[in-house]
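This text leads through one structure, step by step. Please keep the sequence and the model in view while reading.

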Amino acid sequence: GEIDAMTWHQWGFPALSVPNGCTSQTWVDDEWENLAPYDTIYLCYDSDKEGQAGAAAIAKRLGLHRCAMVSLPRKDANECLQWGSTTEDAQQWLADAKYLSPPEICEPAFFAAKVEDYFRPASGQVVGFAPSVLQGKYRLRPGEVTLLSGISSHGKSTLWSQMLVEAIADGLKCFFASLEVPPATSLGIMARQFHGTDDVPPDKLQHWLQWLAGRLWLFSQFGSQSVALMMETCRYCRARHGVEVIVIDSLMKLDIPGDDYNRQCEFLNMLTKFCMETGCSVILVAHPRKGKNEDAQVGKLDIKGSSDLFNQADNVLILWRNKAKEEAVDRQKDKPDALLNVEKQRLTGIEFKQKLWFHAPSRQFRLTEQSSPHVYTTTENDYCQ
């Protein structure tokens, strides 16, 4: 250290030697007040692993905002001098010194490629999967949490099931945990939606189940489950099978009391962090508070539990079933069977209401009363109508 300090003096730059090696910090206590007046402190430690680690530790203690790291072309200053480095070289090293910044802080240019993808995706396609019932105005985007809510028995499970069927047919790997319906029943509904009919022959059913291998995984249990197990399962499915879309139905079946808002907030934190880290798209089903009747439509502010549920979610979908039409004598064919309200999209800000009609045999929601149910194929990634 003393030789390096003398080298900097020889180049014309006063320097101090750090005593007791690069990892020592005992000198900081004695020199704290002497260093206090300086806005910039240049740290020139050895370029080896130990030297850089010691410099980083000292910079954190003295303040990252005023410590500039000098990078040398050789191990230390004296070795640079021996190889012919001059005062002009040393002056340039000081000019090129870099401040250490926390990893959480970066300049806008760091995101240049991603900002370009925002306007012009590299693949030439908009990122995310667009369920056909929402006509491309909403997408299941990687790294986002979608909250799906609606009054009990209004078709939430039927809707996400239809979305998964379409996603699988489009080539996405999916996983669902249907905690309110037995797994076999959920698969039965998906089979009807896939084939567009209320009765799937045994040979077609067996072929379809075999075709799903490597495309769909499901949680084998239903009923109340722990948050820890659910998150562990999601992480495993993503790591082991490369799952891209996950459905958890529902929040009410996890071991979080309805009035424990702190735990609900913690769970949403875990879920959003998981999505951001893995790129998965997660649909979480949440029930609304009990209202006076089923005729009144509910909104995002009616979701049961903490306000953090819809605040932290990237997207909020609310499904409402038109039971008044079902009970009417004339059937009111001009009126929709359901409304799917997109009440939040963090990325686009687009909110809208989508009218839907329900085809009972295939358990499919459709865009018009007259449209035929979709029939999917196991030989291609798209489907025919």
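The model is a predicted one, in which local features need pLDDT of at least 70 and side-chain atom pairs count only at pLDDT 80 or more, while totals for chains, interfaces and linings use all residues. Residues are numbered from 1 along each chain as its sequence is written, and side-chain values use heavy atoms, with hydrogens and water left out.

The whole structure holds 10 salt bridges. One of them joins the side chains of arginine 61 and aspartate 29, at 2.6 Å from N to O. This pair links distant parts of the chain, since arginine 61 is in helix H3 (residues 49-62) and aspartate 29 in helix H2 (residues 26-35), 32 residues apart. Helices (H or I, at least four residues) and strands (E, at least two) are DSSP runs, numbered from the N terminus. Aspartate 29 is exposed, with a relative accessible area of 55%, whereas arginine 61 is partly exposed at 34%. With a 1.4 Å probe and protein chains only, buried means under 20% relative accessible area, exposed over 50%, and partly exposed in between.

Another salt bridge is formed by lysine 273 and glutamate 277, whose closest N and O atoms are 4.0 Å apart. Because these two residues are 4 apart in helix H11 (residues 261-278), about one helical turn separates them.

Lysine 344, in strand S10 (residues 338-345), is buried yet has no salt bridge. The nearest side chain of opposite charge belongs to aspartate 314, 6.8 Å away; for charge, Lys and Arg count as positive and Asp and Glu as negative, with His and the chain ends not counted.

Next come the aromatic rings. The structure has 10 aromatic pairs, where rings of Phe, Tyr and Trp (its six-membered ring) pair if their centres lie within 6.5 Å; planes under 30 degrees apart count as stacked, over 60 as edge-to-face and the rest as tilted. Tryptophan 8 and tryptophan 11 make an edge-to-face pair, 5.3 Å centre to centre with 85° between the planes. Both lie in helix H1 (residues 2-11), 3 residues apart, which is about one turn of the helix. Tryptophan 11 is buried, at 5% relative accessible area. Its ring also pairs with that of tryptophan 93: the centres are 5.5 Å apart and the planes at 75°, so this pair too is edge-to-face. Tryptophan 93 lies in helix H5 (residues 87-95), so the pair ties together parts that are 82 residues apart in sequence. Ring pairs link Trp8, Trp11, Phe13 and Trp93 into a cluster.

Last is the interior. A nonpolar core is a set of buried Ala, Val, Leu, Ile, Met, Phe, Trp, Tyr and Cys residues joined through side-chain atoms within 4.5 Å. The largest has 39 residues, and those with the most contacts inside it include Tyr138, Met190 and Trp208. Helix H7 (residues 156-169) supplies the largest share of this core, 8 residues. Another core, of 35 residues, lies apart from it, with Leu147 and Ile318 among its members.
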